[in-house]
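Dear colleague,

Please find the structure below, handed over for your review.

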Amino acid sequence: MTVLRAHHASPVTVYRVARMDAAAADTTTGRNVRTAHATVARALTVSVDAVRRARRVLRDLGWSVETVRGRYMTATERENATRETGSHQRRFASTRCLTIPARVQAMHPYPCGVKKNPLNPSRRIPSTRWRATGTSKNQPRSTPLTRQTPPLGVQKIAARLVQRMPWLDRGRSGHLMGLSRGLVACGVTEEWTTQDLMNAVEGDHQGLGLLTLPPDSQKNPRALLLHQIKRAISNQEPPARARQTAETARREARAAEVAQRAAEAKTKTTMPAWFRTALATAQAASSDIT
């Protein structure tokens with residue numbers, strides 16, 4: 001309440017602005033919030049000053065950090081924006097990142113998540129009747145599932161991904177097999193190629209306006225890559241099918257052209273010998289007269 005009174009901000013407005021920033025941020029990292037004050041104000045039907053005060057409250061409370069300060073565009077940048085998008089933008093909005101204050105993390109019962117103990121696969125499930133007596137029962141160990149070997153083509157794709165991005169290699173045995181299983185779970189088949197996957201991820205990033213994060217900034221970059229691949233190729237056919245369809249169409253067009261030429265050659269009549277002789281005599285006579 002002290003911060004709200006200091007900035008003369010309404011709690012409802014602060015909450016609504018925070019919801020708008022969360023919707024504009026990256027879903028996995030909370031970064032790249034580039035919405036301007038005026039844009040948020042129009043969406044929430046409030047004044048620009050109200051949005052500015054609300055974001056100052058979020059900044060002071062530790063929920064938002066301004067990483068890049070907004071500025072006016074140069075003449076070249078304005079010309080490029082007008083030529084490419086037809087917009088009349090004159091300023092770049094500030095870039096913000098959503099954060100979680102340390103005081104809030106300490107209140108969470110599992111701030112680092114729940115980790116499974118590989119040495120004790122059984123779980124403690126308290127019973128309603130036994131909870132009153134302070135006892136619990138162990139769940140019996142389940143039979144491990146048999147993992148299927150990924151197709152050879154998918155394993156080759158995983159190997160080429162490791163060649164392009166060496167940070168995917170965790171230095172442990174079986175990392176390629178684990179990456180191959182992850183690709184199969186994402187929907188990757190042998191019809192895809194490594195370049196097709198990279199093009200799909202890049203196109204998905206451009207369509208959503210996302211930036212490529214450096215691998216060193218992620219705790220599990222391989223899981224992030226698999227998530228991006230799954231999102232990029234969902235509901236999409238492999239480009240190899242389109243290429244195969246185009247190649248088939250070209251072959252059919254070529255075969256039709258050859259067949260048409262053969263048919264025309266069969267219907268074409270040969271010039272008689274006497275007509276060729278008369279034509280040659282007429283041409284020679286006309287050349288003598290001239």
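On a 1 Å grid over the protein atoms alone, a pocket is an open set of points where a 1.4 Å probe fits, with protein on both sides within 12 Å along at least five of seven lines. Its volume is the space filled by probe spheres set on the points, which are joined across faces, edges and corners. This is a predicted model, in which local features need pLDDT of at least 70 and side-chain atom pairs count only at pLDDT 80 or more, while totals for chains, interfaces and linings use all residues. Residues are numbered from 1 along each chain as its sequence is written, and side-chain values use heavy atoms, with hydrogens and water left out.

The largest pocket has a volume of about 720 Å³. Its lining (residues with an atom within 4 Å of a point) comprises 26 residues, and His37, Arg91, Ala93, Ser94 and Arg96 lie nearest the centre. Helix H4 gives the largest share of this lining, five residues. By class, the lining has 11 charged (Asp, Glu, Lys and Arg), eight polar and seven nonpolar residues (Ala, Val, Leu, Ile, Met, Phe, Trp, Tyr, Cys and Pro), the others, Gly among them, counting as polar.

Elsewhere, helices H9 (residues 175–185) and H11 (residues 221–233), both DSSP runs of H or I with at least four residues, pack at an angle of about 30°, their axes 10 Å apart. H9 is therefore roughly parallel to H11 (angles under 35 degrees). Axes are lines fitted to C-alpha atoms over the stretch in contact, and angles run from 0 to 180 degrees between N-to-C directions. Contact (heavy atoms within 4.5 Å) is made by His175, Gly178, Leu179, Gly182 and Leu183 of H9 with Arg222, Leu226 and Ile229 of H11.

Methods:
Helices (H or I, at least four residues) and strands (E, at least two) are DSSP runs, numbered from the N terminus. Angles under 35 degrees count as roughly parallel, over 145 as roughly antiparallel, 65 to 115 as roughly perpendicular and the rest as oblique.
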